[in-house]
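Here is a short tour of how the parts of this structure meet. Keep the sequence and the 3D view at hand as you read.

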There are 2 protein chains.
Amino acid sequence: MTAYLDPRTGQTWPIEAPRWRGDAGQPLLLTELPGIGRDAIDPAAPGLWRYAAALPFRPRAPITMGEGRTPLVPRAWEGFEALFKCEWMMPTGSFKDRGASVMLSLLRDQGIAAVLEDSSGNGGAAIATYAAAGGMRARILVPDSTSPAKTVQSRAVGAEIQLTPGTRQDCADEALRQGNDPDSGFFYASHNWHPFFLQGTKTLAYELWEDLGFEVPDAVVIPCGAGSNVLGCDIGFGELLRAGIIPRLPRLYAAQPANCGPLVREFEGLPPEEPRPTIAEGTAIAQPIRPREVLGALRRSGGGGVLLEEAEIREAALGLARQGLYVEPTCAQAVAALGRLAADGRIRAGEKVVVVLTGTGLKATPRYAEFLGLGPV
Amino acid sequence: MTAYLDPRTGQTWPIEAPRWRGDAGQPLLLTELPGIGRDAIDPAAPGLWRYAAALPFRPRAPITMGEGRTPLVPRAWEGFEALFKCEWMMPTGSFKDRGASVMLSLLRDQGIAAVLEDSSGNGGAAIATYAAAGGMRARILVPDSTSPAKTVQSRAVGAEIQLTPGTRQDCADEALRQGNDPDSGFFYASHNWHPFFLQGTKTLAYELWEDLGFEVPDAVVIPCGAGSNVLGCDIGFGELLRAGIIPRLPRLYAAQPANCGPLVREFEGLPPEEPRPTIAEGTAIAQPIRPREVLGALRRSGGGGVLLEEAEIREAALGLARQGLYVEPTCAQAVAALGRLAADGRIRAGEKVVVVLTGTGLKATPRYAEFLGLGPV
C-alpha cells in the first residue's frame, strides 16, 4: 500500500489521512509505486488522466479540463535538433496544471473542500483554477506588494486573495502557520510541499515516453526552481525503469538562473551565493524545500545543471519567439541551457533531447515589452 | 480540381496561383471538396494535421506547433449540460491558430515568403507567430492609436508592426491597398479574406465529429465576429454530410454582442444599427465581408443567432471562470447564448450541444480587472 514517506528517515504515514508534511515539519514524498506499462494507459480518458493507473489511488471524479497531451515540436537551436515540449498549452497557461489537477483531485477525494496556497505565479493560478473547477474554496496568500495584475486570473476564478504584510518569505511563513492551524478551515495544498503535486508532474515522464513511441529520450532539459518537473521526471521515469519497461533513465539537466541557482550551485560544488533578481522569475527560488532529492535525481540520471546569465535568458526567449514559440523567459533558460550543453559536449548530435517549455509568454507581456524597448505597457 | 470560387457568380480561378480575392475585389471561397472519412485521418500527424487529407492540397511541410486537438470539457450552465470546446489551448492562445497554420502552410507552398495582415487581436498574433514558425516575414498593420501592450506578442515573434494613421477602417483600407500593390513585396494573408483560413477553421468540424466518437453534435454555439468559425463548421460538416458520413448538419448558432451584431440582426430581420462599443471586442466587426455566406450557413443548418447584452456577457465570463474556464469575454458570449437558447427552447435537455471557447482570458487581464473592480492594472 502506498504511503507518505520521509525519504531521509524512511518513516511512513498511511495515505488515507490528508497530510502535507511529516510530524517534524519535513517535506514528504510517497513510497515507490510500481509504474504502468502501455496496456494500462486509458486512451478514452482526457489528457493526462490516461495515466491514472500510475497514481497512488484513483479519485472517483478527476478534476480535469483536458490538461496534458501537450505538443512535442521539433526545432533547431544553434544547430542542434531538439524536441520542445509545449507545456504552456494548458488550461491556465503553464505546466502547473498537471500537478494541480492530480493533487486537487486526490485531495477532494480525501474530503478536502478548502485549500490554501501561497503563490502569485503559475502555481497560485493553477491551484485557484482547479479549485474552482472542482467546486472547492481556495485562499491564495501573496505579499501585499504584489501588483494587482498578477492576481487577476486567480481572483477571476473566485479565489480569495489574502494580502500578507512583508516579504515573499513572510508570506510563506504565514501560509505554513495557517496550514498548520487546524482551526484555519483550509488545508495547505501547496504546489511546493504536497507530494501529490509531484504525482501530477510525473505524468510528463509517461507522456514523453508515449510521445516518442514508447521510448525514452536521451536527455531532458528542464527549467528548475523548486524542482517539481525534475522530481516529476525522476519519479515517472524511475517507475518505468524499475518496472523494466525502459532500459535506462534519460539524463535530466536542470537550468537555473546564475542570479538564483542554489541547486545547480550545490550540484557543481560552488559556494552558496546571495540571490540576485532575475528575469527568470518563476525559478527564483532561493530556498527550495527538497534540495537533496532534486540533486539526487540529477545524479541518478547522469545529468547535471546549467547556470544561465540574464543576457542569455533574454536572448533565448527572443530567439525562441522568433521561431514561433512564445514562452515565459523563465522557461527560455532551458533553451539557453540546451545551447550550452550542446556546445560543451554534454549532449551530442543525434541524441534525442527534450526541452521543457513550462509557461506561456502571455503572462510575461511587460517583460517582453522591456526586451523590445517598448517602455512600460 | 479545387479552385477559388466566387460563391455569388460561380466564377472560378485556378488554385495554383496565389490569390486572396476575385478580379472584382470580391471575397472568395473554394469549390466544394469531397470530405474525408475516418480512414483518411492520419493519427501520427500533429494536432489538426491529422485531417490534412481534407485540405485542398497537401503542403510539403506543414507549419505546425501542435495546434488543434483541444479538450472538450463537460460543464453544466444554468442547469444545461453542455460540452465546452477549449480552443484557447493553442500555441498563441486562440482558435485563430487553426486558420493561421493551414493558410500559411498552403501559401508558403505556393511560394509566398512575406505576408501582410491587419489585426491587433488574436488574428494578428496568430499570423505573426505562424509566419515566424514558418520562416516567413510578416507585416501587421494596426491603427496608430493601438496600445503597445496589444502588439507585444506579434513584435516578440519578429513581425514588423506598421502603425497606420486613423481608424480601424483606415487601417483595413491601407492593408487592402498594400495587398493589391504588386510592388509592396507582401501578400495579403488576411484571416478575414483568404479562403485558405477557413480551410483551417473547418478542422474544428472534423475534430468535433471525432471527439464525439464520429458522431455529429446536435448544435454548436459559436462566438461570431466575421464568422470564420461558423463558416469553418459549415464547410467541414457540409463535406461530411455530402460524403454521406454524417446524417445531418448540427444546428449552428452565432452569438454576437447586441452592441455590434450585424449578422444576427440581419438573420432576425432587424434593421441595421450603428455599432456601439462592446466588451466582446474580438467579435466587434461592424462590416463582416461574407454576410450572405454566414447567414446561409445558419439557415442551412437550422440554427440561428443570439444577441447578448453587455451585462450578460460579463456575467457569463465570470460565471465560466468560476468553473475554472478562464476565457476572453469575447467568447463568453457563446455561454450566455447557451443559457438563452436553453431557456427559449431552441436547444433541449438531452441534446448534445458544443459551445466553442475561442480565446484565453490571459489576453483580457485589464478587462477582468475592471469586472473585479480592481481599477487599472
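## A salt bridge in chain A

Let's begin with one pair: A:Lys150 and A:Glu281 form a salt bridge, with their closest N and O atoms 3.3 Å apart. A salt bridge here is a side-chain nitrogen of Lys or Arg within 4 Å of a carboxyl oxygen of Asp or Glu.

This is a predicted model, where local features need pLDDT of at least 70 and side-chain atom pairs count only at pLDDT 80 or more, while totals for chains, interfaces and linings use all residues. Residues are numbered from 1 along each chain as its sequence is written, chains are lettered from A and ligands numbered from 1 in the order in which they are written, and side-chain values use heavy atoms, leaving out hydrogens and water.

## Two domains of chain A

In chain A, the domain assignment (automatic or from a database) gives domain 1 as 72-94 + 196-371 and domain 2 as 113-188. Their C-alpha centres lie 26 Å apart. Domain 1 brings 7 residues to the contact and domain 2 brings 8, contact meaning heavy atoms within 4.5 Å.

About 590 Å² is buried between these domains, 42% of it from carbon and sulfur atoms; buried area is the accessible area (1.4 Å probe) that two parts lose on being put together, summed over both. Across this interface there is 1 salt bridge, and 5 residue pairs are in polar contact, both residues at pLDDT 80 or more. A polar contact is a pair of N or O atoms within 3.5 Å, one able to donate a hydrogen and the other to accept it; residues adjacent in sequence count only if both atoms are side-chain atoms.

## Where the chains meet

How many residues of chain B are in contact with chain A? There are 39, and they touch 39 residues of chain A. The area buried between the chains is about 3000 Å², with carbon and sulfur atoms giving 71%. The count of salt bridges between chain B and chain A is 0, and 2 residue pairs are in polar contact, both residues at pLDDT 80 or more.
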